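Please look at the model first.

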Amino acid sequence: MSITRTLGEFIIEHQNHFPHASGDLSSLLGSIKLAAKIVNREINKAGLVDITGSVGAENVQGEEQQKLDLYANDKFKAALEARGQVCGIASEEEDEAVSFNKELNKNAKYVVLMDPLDGSSNIDVNVSVGTIFSIYHRVSPIGSAPTAEDFLQPGHKQVAAGYIIYGSSTMLVYTTGKGVHGFTYDPSIGVFCLSHEKMMIPATGSIYSINEGNYIRFPTGIKKYIKYCQEDAPEDNRPYTSRYIGSLVADYHRNLLKGGVYLYPSTQRHPDGKLRLLYECNPIAFLMEQSGGKATDGYQRILDIKPTELHQRVPFVVGSTIMVEKVESFLQQYPD
Ligand code: AHM
Ligand code: MG
């Protein structure tokens, strides 16, 4: 791969696509880039040091060790607060939204919602994990503390969204509503380099990703769809391949590159599914639509859902448009 542009250069270059851009969003994305490098460094030490251990343990320097998801939360939070573009955050790791009260953040116009380390249980077994982020303009007046209204905006109001995948290589993938672009981290120079410009998902594919262990508890439409995926229909590339890592970012990233569908449906025990609307589904849905794919709860567009609470969960179907629409048709055909 020849290095064309670094992430920093690309962000500045694309800032010019927005008339009257002040550079605040570029700086905010710079904060995310920095935190990603720090978290990446720490994740790469998993197994060497006890970063998966419980809170309260001490390392050899006598510093308190944190669980990696809390560590990631702290690093992203600190980076977002430090430059003054963000007035508050909401995170999967925080019970309530956090308001940044420093003088520096008084005139900030953005809020950030994030899942600092998605799929963190996979760290223990050396499997890819990710960070997911979602950026909105605040709607409450600048100069005051952010309100619930700032954090509970529908996903179509997102200004930017993205993820970092800490995998066999580390990548940062983001959108500001003008396509999706991916940058691979070169650890030898400490820089994210443009490797995947204008990422588009194939309109259809032959991968389906779902935790089939929950089969017995799925709605009938999903059970029927799984059987459809497994049918012998070579003219349609079926049976499909089943791939499920258990890290949303990793499953999503693979399906984005190859074409496929990811499902986390409702189950009898969890009627709203497992994934969080604000930290996981909205940013991933924004990215997916920008890549030419589709994201729904099986019935309606994820980005149109008006959130009612911070940690709200929602069933999730995301991927190649034709495949998502097939899932929807099964849910309609077999209502429970
Ligand atoms: P987490 O935010 O607690 O890590 O949970 C989210 C993860 C997703 O990354 C993944 O797709 C899903 O949970 C896996 O759940 P399950 O083990 O139920 O299949
Ligand atoms: Mg998560």
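Which residues does Asp-118 touch, not counting residues up to four places away in sequence? They are Val-129, Gly-130, Ile-132, Ser-247, Leu-248, Val-249 and Glu-280. Note that this is a predicted model.

Asp-118 belongs to strand S3 (residues 110–118), and Glu-280 to helix H7 (residues 277–290). The pair is 162 residues apart and links distant parts of the chain. Is Asp-118 buried or exposed? Asp-118 has a relative accessible area of 7%, so it counts as buried under the 20% cut-off. Glu-280 is also buried, with a relative accessible area of 3%.

**Annotated positions**

UniProt, in an unreviewed entry, lists Glu-92, Asp-115 and Leu-117 under "binding site". These positions are spread over 26 residues of sequence, yet they cluster in space, with a largest C-alpha distance of 8.9 Å. Glu-92 sits in the loop between strand S1 (86–91) and strand S2 (98–99). Beyond its neighbours within four places in sequence, Glu-92 is in contact with Met-114, Asp-115, Pro-116, Arg-276, Tyr-279, Glu-280 and His-311.

Leu-117 is part of strand S3. It is buried, at 2% relative accessibility. Its contacts include Val-39, Ile-43, Leu-68, Ala-72 and Tyr-166.

A further UniProt "binding site" feature, also from an unreviewed entry, includes Asp-118, Asn-211, Tyr-244, Tyr-262 and Lys-274.

**Aromatic pairs**

A search of the whole structure finds 10 aromatic pairs. Two of them are set out below.

| Ring pair | Centre distance | Plane angle | Geometry |
|---|---|---|---|
| Phe-10 and Phe-183 | 5.1 Å | 70° | edge-to-face |
| Tyr-244 and Tyr-262 | 6.2 Å | 20° | stacked |

Phe-10 lies in helix H1 (residues 7–15) and Phe-183 in strand S7 (residues 180–186), so their pair ties together parts 173 residues apart in sequence. Phe-10 is buried, with a relative accessible area of 0%. Phe-183 is buried too, at 0%.

The tyrosine pair has another setting. Tyr-244 is in the loop between strand S10 (241–242) and helix H6 (248–258), while Tyr-262 is in strand S11 (residues 261–264). They are 18 residues apart. Tyr-244 is partly exposed, with a relative accessible area of 30%. Tyr-262 is buried, at 3% relative accessibility. Besides Tyr-244, Tyr-262 touches Ser-209, Leu-248, Asp-251, Asn-255, Leu-275, Phe-316, Val-317 and Val-318, not counting residues up to four places away in sequence.

What sits over the ring of Tyr-228? It is the charged end of Arg-238, 3.8 Å from the ring centre.

**His-181**

Strand S7 also holds His-181. This residue is buried, with a relative accessible area of 4%. Leaving aside neighbours within four places in sequence, His-181 is in contact with Phe-10, Leu-172, Val-173, Tyr-174, Leu-194, His-196, Glu-197, Lys-198 and Met-199. Phe-10 is the residue whose ring pairs with Phe-183. The C-alpha atoms of His-181 and Gln-290 are 10.0 Å apart, although 109 residues separate them along the chain.

**Cysteines**

How many disulfides are there? The count comes to zero, with a cut-off of 2.5 Å between cysteine sulfur atoms. Cys-281 is in no disulfide, and the nearest cysteine sulfur, that of Cys-229, is 19 Å away. Cys-281 is buried, with a relative accessible area of 0%. Cys-193 is buried as well, at 1%.

Key:
Residues are numbered from 1 along each chain as its sequence is written. Chains are lettered from A and ligands numbered from 1 in the order in which they are written. This is a predicted model: local features need pLDDT of at least 70, side-chain atom pairs count only at pLDDT 80 or more; totals for chains, interfaces and linings use all residues. Side-chain values use heavy atoms; hydrogens and water are left out. Helices (H or I, at least four residues) and strands (E, at least two) are DSSP runs, numbered from the N terminus. Buried means under 20% relative accessible area, exposed over 50%, partly exposed in between (1.4 Å probe, protein chains only). Rings of Phe, Tyr and Trp (its six-membered ring) pair if their centres lie within 6.5 Å; planes under 30 degrees apart count as stacked, over 60 as edge-to-face and the rest as tilted. A charge sits over a ring if NZ of Lys or CZ of Arg is within 6 Å of the ring centre and within 35 degrees of the ring normal. UniProt positions are given in the numbering used here, feature names are shortened, and annotations may be inferred rather than shown by experiment. Contact means heavy atoms within 4.5 Å.
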